[in-house]
Amino acid sequence: MSLTRAACEALDRDDPLAARRDLFDLPEGLIYLDGNSLGALPRNVGVRLSAAVTGEWGRGLIRSWNTADWIGLPARVGGRIARLVGAEADEVICADSTSVNIFKLAAAALAMRPGRKVILSEPGNFPTDLYVLQGLAEFAGDVELRTLPADQIPAALDDQVALLLLTQVHYKTGRLHDMAGLTRRAHEVGALTLWDLSHSAGALPVDLNGCEADLAVGCGYKYLNGGPGAPAFAFVARRHHEAFRSPLSGWMGHARPFEFVDAYEPGQGLARALCGTPPVLGMTALEAALEAFDGIDMAALRAKSMRLGDLFLDLVEARCAAHGFAIACPRDATARGSQVALAHAEGYAIMQALIAREVIGDFRAPDILRFGFTPLYVRHVDVWDAVDRLVLVMDQGEWRDPKFHQKAAVT
Ligand SMILES: Cc1ncc(COP(=O)(O)O)c(C=O)c1O
């Protein structure tokens, strides 16, 4: 493809997903490349939430648990997410946060592999994954968390390992793991796998059952567009439902929560993965947001995502060569998720200057600029314009302005 704005406009005209952008309420003139961190607002969410607040809560009050089926939200929203990650509807439940779900599923995995005391992961995995595992190991007392670089993981899988926990798409570099191959290798030694799909769900086709994955978790507020702090999801393959026990055995996971008996008894299927009362408004927002995926061709989504990422990198290579950026993600689009990463010693200030020019990405310490390409609403021409503005920020040294060097709490 020739690298011109007109060529980008032509790609947008031919884009089978182009109409999906109208489902989102994006500010005019702003280029949003951070849907990998917080998805944009789907237009139907405000309408749906307003009806839930004024009608279901305001008028229906407590009756809405039944009349609006609030109680069915975790399974219903989970069922919608299941379609996006290659699972059956009853294998995914919407609940809690990703961090809490990691704890529940990792603890359950340890109990499902008695006698095995090792959890394997990789250094540089998303901090919450490692922190929760560290906490779990400390709590369990005799469990060891081993972290090894990705290329050493296949050889490190042995009969001591209870669980392999990896994030399928790395939060910083966007590198994509071979979920099928690593799951197969884990199963050869009798270990279970827990995949963090926070940067995969809604970003690329995921085939949990095709890979025979055991367990998975993921975020509701990134590519699924459920809004800030949206509830997360948990997947447990059906073959494990019977053996699965949540360490957070709250009343919502009980077989009969409204009998109020003293003794805990796990609920049917994945209902047992629930803990407490679901955040109804958050789940309602997520349920509405997921409609943006109705009828979506995930192969077309993936093709566009790879094209956008490649276009960005091609343009950065062609136009920013003098400015000291290093490409910090796989150059091969098939080896990365739906984001790209650039490394630069002045990355924080450069990103702030870019945001001042209405191109929103983010920064991850120590030196990574992340750009997420959400194929539902990012256009090829946005990529062109984003790099155009990056060139201005660099050529004119805008990032040198002291105001761009003051670190905010959230980067
Ligand atoms: C890979 C990964 N896991 C988990 C999380 C966040 O988990 P939580 O929603 O519990 O804060 C993130 C957030 O960026 C993430 O990138």
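This is a predicted model: local features need pLDDT of at least 70, side-chain atom pairs count only at pLDDT 80 or more; totals for chains, interfaces and linings use all residues.

Analyst: A polar side-chain atom of K222 lies 2.5 Å from an oxygen atom of the ligand, a polar contact in the sense of a pair of N or O atoms within 3.5 Å (within protein, one must be able to donate a hydrogen and the other to accept it, and residues adjacent in sequence count only if both atoms are side-chain atoms). For S99, an N or O atom of the side chain is 2.6 Å from a ligand oxygen. The side chain of H199 likewise places an N or O atom 2.6 Å from an oxygen atom of the ligand.

Residues are numbered from 1 along each chain as its sequence is written, and side-chain values use heavy atoms, with hydrogens and water left out.

The domain assignment gives domain 1 (5–41 + 297–405) and domain 2 (69–293); such bounds come from an automatic or database assignment. Their C-alpha centres are 29 Å apart. At the interface, 32 residues of domain 1 are in contact with 22 residues of domain 2, contact meaning heavy atoms within 4.5 Å. The two domains bury about 2,000 Å² between them, 59% of it on carbon and sulfur atoms; this is the accessible area (1.4 Å probe) lost on putting the two parts together, summed over both.

Across this interface 9 residue pairs are in polar contact, both residues being at pLDDT 80 or more. On the side of domain 1 that touches domain 2, the elements giving two or more residues are α10 (298–319), β10 (339–343) and β13 (368–372); helices (H or I, at least four residues) and strands (E, at least two) are DSSP runs, numbered from the N terminus. Helix α10 gives the most, with 4 residues. Between the domains there are 0 salt bridges, a salt bridge being a side-chain nitrogen of Lys or Arg within 4 Å of a carboxyl oxygen of Asp or Glu.

The overall count by that rule is 28 salt bridges. One of them joins R5 and D385, with the closest N and O atoms 2.8 Å apart. This pair links distant parts of the chain, 380 residues apart: R5 is in helix α1 (residues 5–13) and D385 in helix α12 (residues 380–395).

Two backbone features complete the account. The peptide bond from A365 to P366 is cis, with omega near 5 degrees, and P366 is located in the loop between β12 (362–364) and β13. D69, although not a glycine, has a positive phi of about 50 degrees.
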